[in-house]
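Visitor: Can you walk me through this one? I'd like to start with strand pairing.

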Amino acid sequence: MKKGHLLGLGVIAVAIIIIISMIGDASTYESFSTAKKMMLSGDEKPIHVVGELKKADNGNVEGIEVNPNKTSFYFMMVDNDGTEQKVFYNEPVPPDFARAEQVVVIGSYKTEDLFVADKILMKCPSKYQENDLAQAGM
Amino acid sequence: MINTLIGNIGHFAVILAFVTSLITAYAYYQYTVVPELEKPNWRRFSRIAFYIHSIASFAIAFALFEIIYNHRFEYFYAYSHSSMALPVHYMISSFWEGQEGSFILWIFWNVVLGLVLIQTNKKWEGPVMVVFSLVQAFLVSMILGVVIGDLKIGSSPFILLRDAVNAPIFQLNPDFIPEDGTGLNPLLQNIWMVIHPPTLFLGYASTLIPFAFLIGGLATRKYTEWVRPALPWAQFSAMILGMGIIMGAYWAYVTLNFGGYWNWDPVENAVYVPWLILVAGIHTMITFKKSSTALKSSIVLIIASFILVLYATFLVRSGVLGDSSVHSFTDLGLSGQLLIYMLFFLAVAIFLAAKHWKHIPTSEKEADVYSREFWIFIGATTLALMAFQVILPTSIPVWNSIVESFGGISNIAPPVDQVGFYTKFQLWFAVVVALLTAVGQYFWWNKMDAKTLREALVLPYIISVLVSAFIIIAGKVFDITYIIVVLASVFTIVANATILTRLIKKSTFKLAGGSLAHIGLGLILIGTMFSSGYSEVISQNMSGLVYSNSWEDELNKEHVLLWINKPTQIKEYTAIYRGRQKKVSGVPELVPVKYLQETDRVNEAIAKADIVVRGKTYFQKGDVVPIVLEENDYFRIDYYKEDEFQFSLNPMSQFNTAMGLISSPDSRRFVNRDLYTFVSAINDFEDPEWRDDEVYEVAPGDTFFIADFVTNFEGGEVLTEVEGVPLFDGDVAVKAKLTVQDYDVEKRLEPIFIIRGQQVGRIPVVDTELGVKVELTNIVPEENKFVFTVNRYQKDYVVLKAIIKPQINILWAGTIIMLIGFCVAIYRRYDEFKKMRDKGLEY
């Protein structure tokens, strides 16, 4: 066998390892109910859940409890299937958190009742809104 | 009045630039194919077309800047990216904050590079400029803003606000012009953001040059000649792109608060990948120049680097990344256009390469293990694999969109721990690359066989083992992975330094580019290993106080709460938060907010007291004080060690109406480490929710407690005048003198009580730092008692995160040395070209 072939095989082998590891490490998007099932079946891999913050009838966000040392907090989230879930985040409340239109929590269930987020991504309302324009102008 | 003239000029320039780019492409194509006799005419015509295109492109840039500079908020671009309060250098940042502006920047650089090429390399002018003009046509089409039926081509930066936004105000008054814009994203209000984008876009633009030479070479069947002119430009491009990446990393380190310089964010990856491929391509091109091998790999790599730049553009601008990136642009609906742009050049490149593939010379001879070609090739392969490992997971959102566009469902998400995931592979690849650069350099400059190689490497090997041992012990590197990183990096530094000294002794500095760049690589590796691998969060809760008895107390709290004036232990330091400050223009230090009275005007305040810094008075009480970006608050935190003051840090935070709290770190730089701190939460004292009244009746000289603060009531004083309230005959005004003790700070609070006839007026004092409001409610002369009503809110505080980053300076030094290495290499190749030109071999 020529060296070139050996080298080619080596490259292919490394590429396959890269692909397999990516598939192994890639996370998935789940709902709270499928995430809970995963936890109960012993799968502790962190997953992504997309949803919104729980809002009261008047549109205000409810259920945010900041711990006294202000470095962590709990909040209520509703996923896209409508499941409500209490979530803990071990970081200070991100600025603008209550205004987020959509939140993605990345983490896993700690107990059956509590989801612990390792990371939170937020989608905030667009910077240019019609009512903003009126304010800026007046 | 709405000024539509400048917008029309801009829009006309865009259309002119688009049309002339197509004409230039056609004309240069004709110039390339027509017989020799007709060439001069076509060349003159092509050049004129390109010059008009250049002027039009400069006019586009000028028109947009004019709109921003003169605050023409009737234009959507100025309204949404700029504001009255912005200083001029940030207006430059506003220019490229939006997608349209950054396309203009790219167009601008391409024009500059095109003009340089026309002047310097006349032999390749025709085919190279065809590629250039086609790229320009695509880029200009992105800002064309033409709507044909349902088809929208490009997004124009010259659109009026009333056409962009459907606000009711325009029905009442179509000529309405907002008084102020919404401002520049505060994260971009940083000096690095003024120079980072132009650098990066010059890097992007310059990857086109080697690609254009290659396409020209294939089309005109000059299969080997293209490498000579392409190489220095490829080096130039890699140098600028590398510099752009480093500036971006440095910007992230000094303004963003994710705690580092590199986060493996898709946007960062999207630039890193083409850079790796370009570097691999440079190495194979150099090999080809020396020994006529590796031409095909060079062709593939140069095509890949250009296409990957377009792919990066697509990722960042099409909106496909969505939530997975912190800093992608907003979606302008250009994804289709961007995709066509990328696929067009991919198709052209593949078509030409495939068509000519069998004519491209290869060397049939199998590369020997002791040849430099072999090792360089392994190195280029490793770089390509490195790029592959990064681009694959970065493209997960693209994969999801592809599956979804065919009606499938794909729920794959990017890896949760990005940094850990990428580091796992990149670290080992980097070790391999470092070892290859060390060994490879010996092959490069000497003929080698097994024996001479062993002899040559023994000495550097021994030295590097000794140096590594020292670093490992001194730096307490006890992790086996990191020990290997240290060994590999030190080995490449020592081996390349040996070569470097030999080169300088024997010949000239001109040849030293490679060794310098490789030494830089070794330093970057060591610096990254220490600053990231051994970074330590020191802001942990060390008070011993437990807030809630649950499992979460076992979690590492990585932030610490600092109440104002209260000493708090952070590792070996005692930190004390001392309050908010503003930056005042003309004053060398930050000014505490308590000395400044807000006004209605932007960036202006009235001095409440004399502003004195180191004995010099800058402003007197009552003066108007100009503030630099009034939204920015600087939180002063003093650090003590064993009761001795060490230094202050002033991490910045801005409460932005559009984006919420924006936080920028402040770091203390030591030679061997940085203390990196940022504010992660602040007290909001606009509109406090005051708690219930607490009433105190005290006599002068008494001591009592206001919200835990020891308070001394010194007594009352009758006033003859009160600021802001004119006193008439018969009015009585009394102020109570209270001193409040908060740790080592003594504050005077002086509420005022006024009697006018039967009426009583009270002027309470609010101290936002202490979070108290004190009102002198009544005076009972019979008992000689004063009645105070106190409301409490909350003392001011910040939540802080502090991280130690060891040896980060080695990383920065490494990047600078690597860039110098690139510059030396470019100079060498340019010198070569000049000599050939002087001999008439090139022109």
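Visitor: Which residue stands opposite B:Ala802 in β30(B)?

Guide: B:Thr677 stands opposite B:Ala802 in the predicted model. Strand β19 (residues 673–682) of chain B pairs with β30(B) in the antiparallel sense, over nine bridges. Strands here are DSSP runs of E with at least two residues, helices are runs of H or I with at least four, and both are numbered from the N terminus. Two strands pair if DSSP finds at least two bridges between them.

Visitor: Predicted, then. What are the ground rules on confidence and numbering?

Guide: Local features need pLDDT of at least 70 and side-chain atom pairs count only at pLDDT 80 or more, while totals for chains, interfaces and linings use all residues of this predicted model. Residues are numbered from 1 along each chain as its sequence is written, and chains are lettered from A and ligands numbered from 1 in the order in which they are written.

Visitor: Back to β30(B). How many bridges join β5 to it?

Guide: Four bridges join strand β5 (residues 560–563) of chain B to β30(B), and the two run antiparallel. There B:Trp563 has B:Tyr797 as its bridge partner. Strand β4 (residues 536–537) of chain B is also antiparallel to β30(B), joined by two bridges, with B:Glu536 partnered by B:Ile804.

Visitor: Why is β30 of chain B described as largely enclosed?

Guide: Eight of the 10 residues of β30 (residues 797–806) of chain B are buried, so the rest of the structure largely encloses this strand. Buried means 20 or more other C-beta atoms within 10 Å of the residue's own, exposed means 12 or fewer, and partly exposed lies in between, with C-beta atoms placed from the backbone.

Visitor: What is the order of the three-strand open sheet?

Guide: The order is β9-β10-β13 (chain B), with antiparallel pairing. β9 (596–598) and β13 (624–626) of chain B are at the edges with a single partner strand each, so one side of each has no neighbour in the sheet. From one strand to the next the twist averages 45°, where axes are lines fitted to C-alpha atoms and angles between N-to-C directions run from 0 to 180 degrees. β9(B) pairs with strand β10 (residues 604–607) of chain B over three bridges, and B:Gln597 has B:Ile606 as its bridge partner.

Visitor: Switching to cores. How many residues are in the largest nonpolar one?

Guide: It has 184 residues, and those with the most contacts inside it include B:Tyr75, B:Leu214 and B:Ile307. A nonpolar core is a set of buried Ala, Val, Leu, Ile, Met, Phe, Trp, Tyr and Cys residues joined through C-beta atoms within 7 Å. Helix α11 (residues 227–255) of chain B gives the most to this core, 17 residues. A second, separate core of 38 residues includes B:Tyr577 and B:Val799.

Visitor: What does B:Ile307 touch, sequence neighbours within four places aside?

Guide: B:Met342, B:Phe345, B:Leu346 and B:Ala349 are in contact with B:Ile307; contact means C-beta atoms, placed from the backbone, within 7 Å.

Visitor: And B:Ala349, buried or exposed?

Guide: B:Ala349 counts as buried, with 22 C-beta neighbours inside 10 Å. B:Ala349 lies in helix α14 (residues 335–356) of chain B.

Visitor: What does UniProt list for chain B at residues 100–318?

Guide: An unreviewed UniProt entry places "domain: Cytochrome c assembly protein" there; such annotations may be inferred rather than shown by experiment, feature names are shortened, and positions follow the numbering used here. Over residues 100–318 chain B is 69% helix and 3% strand.

Note on methods
Two residues are in contact if their C-beta atoms, placed from the backbone, lie within 7 Å.
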